[in-house]
Amino acid sequence: MREMQFAAIVLTMSMAMILMTMLPAEVKDDRVANRSRWWMAGALLLLTVQFLLQYLLGLRQEGVVQAVMLNLICFVPCSMLLSMSVLNLQLQGRPLHRDWAVGGAVTLCISGGFAILALLQQSHAVSLDTGSLLRIEVAGSIVYAALQLYYGLRIGRQLRKMEQALDDYYAQEQPGLLRWMKVSIGGLLALALTVPAFIFLQGLPLALYGVFFVVAIVYLWFSMVRYIISEESRRMKEAAGSEQTEQDEEQALSDEALAPAADGSAEAARSLVEDKVVQWTERKGYLKQGLTKKQVAEAMQLSDNQLGEWIRAQGYKSFRQWMNTLCIEEATRQLSTHGDFNIGSIADLCGISRSHFHRLFRQYTGTTPAQYQKLTLERKQ
């Protein structure tokens, strides 16, 4: 156990130092990423202190309850900082005050509870395995689990909004962009559900749980560092920025509260947008890979908001759904017309990556490209 504690000290300290000193200069100039890295570094330093005290004082050898008290005092602010570092990235630097308030209140309650208990037990050493100390630790571990669940659900809801923003901005799927957040949410929720029980374990079960805990933290650290130094962060900011701009345009239009003009100018505007969309689709501009809503709107000489309103008016849930529909319709035409074409070539021709073509085609048509091509040939014969 002491060897594992020492290894954890070295590991968490190293990760904190990397976050504080070794990231590229462009990350340090990014206000959002910079704030998140410092919050995560603070969380890792708290973990280092916790492991160091456990190692120096030998609390696990002294008794379970004493070690649990130290764990809870350190884990709660650590969990808050880790969760807030992810939320800060998700909200582009605009985390809600209530998120800080919830974590801060739980931290004060647990730390304050132990402090009050210490004052009430002036005639006894607080480190003794007293029944009152055990009861407050059980209550604290349950509150800690509730805090983790709150942050896990909060991050999960925000993740769904981020996925919607990506769908409404990029024509192609971005499956790897937020996968690390999904896994991290699972890790946070797993910790929330297991800490109340596993925190009181001893021996091999505790060692195994400690390994799981450290692996979850390392994965979150590695994934977040990779995210903020890669192009993934920029792509997510671009999608979120487009969504915010569109919302601002919609708000500005609603604030004007203009009634439909008698001369039919509103209808003329809608007709103009319709004409530009039709002209672009007739030119088959959707066949180009890697398109974004901004690029398509600029090609049509429309604003993102105008294009987004038209897409929603046609009953599509997102920009990507509309683009996929256009590409799959083109694929069915190509499969019907060219029975000798290779399926991969048709995917390239229609602007769909080969790795996603079969799944998308089946999703939109209910059959595979090969089956569709075969049925078309049989009908012609």
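Which residue takes a positive phi just after α12?

## Helix α12 and the residue that follows

Q301 is that residue, with a phi of about 60° directly after α12. The model is a predicted one, in which local features need pLDDT of at least 70 and side-chain atom pairs count only at pLDDT 80 or more, while totals for chains, interfaces and linings use all residues. Residues are numbered from 1 along each chain as its sequence is written, and side-chain values use heavy atoms, with hydrogens and water left out.

Helix α12 covers residues 293-300, and its buried residues are K293, V296, A297 and M300. Their directions fall within an arc of 100° when the helix is viewed down its axis, so these residues line one face of α12; the arc is that of the directions from the helix axis to the C-beta atoms. An α-helix has 3.6 residues a turn, so residues three or four places apart point the same way. Helices here are DSSP runs (H or I, at least four residues), numbered from the N terminus, and buried means under 20% relative accessible area, exposed over 50%, and partly exposed in between (1.4 Å probe, protein chains only).

## Two loop residues with positive phi

Q301 lies in the loop between α12 and α13 (304-313), and it is exposed, with a relative accessible area of 63%. Q92 also is not a glycine and has a positive phi, of about 55°. The loop that holds Q92 runs between α5 (64-90) and α6 (97-120), and Q92 counts as buried at 15% relative accessibility.

## Cysteines

A search of the whole structure finds zero disulfides, a disulfide being a pair of cysteine sulfur atoms within 2.5 Å. C78 takes part in none, and the nearest cysteine sulfur, that of C74, is 8.4 Å away; C78 itself is buried, at 2% relative accessibility.

For C350, the closest cysteine sulfur belongs to C327 and is 6.8 Å away, which is too far for a bond. C350 is buried as well, with a relative accessible area of 0%.

## E232 in helix α10

E232 belongs to helix α10, which spans residues 231-256, and at 9% relative accessibility E232 counts as buried. Its side chain is joined to that of R226 by a polar contact of 3.1 Å, where a polar contact is a pair of N or O atoms within 3.5 Å; within protein, one must be able to donate a hydrogen and the other to accept it, and residues adjacent in sequence count only if both atoms are side-chain atoms.

Leaving aside residues up to four places away in sequence, E232 touches G176, L177, R226 and Y227, with contact meaning heavy atoms within 4.5 Å.
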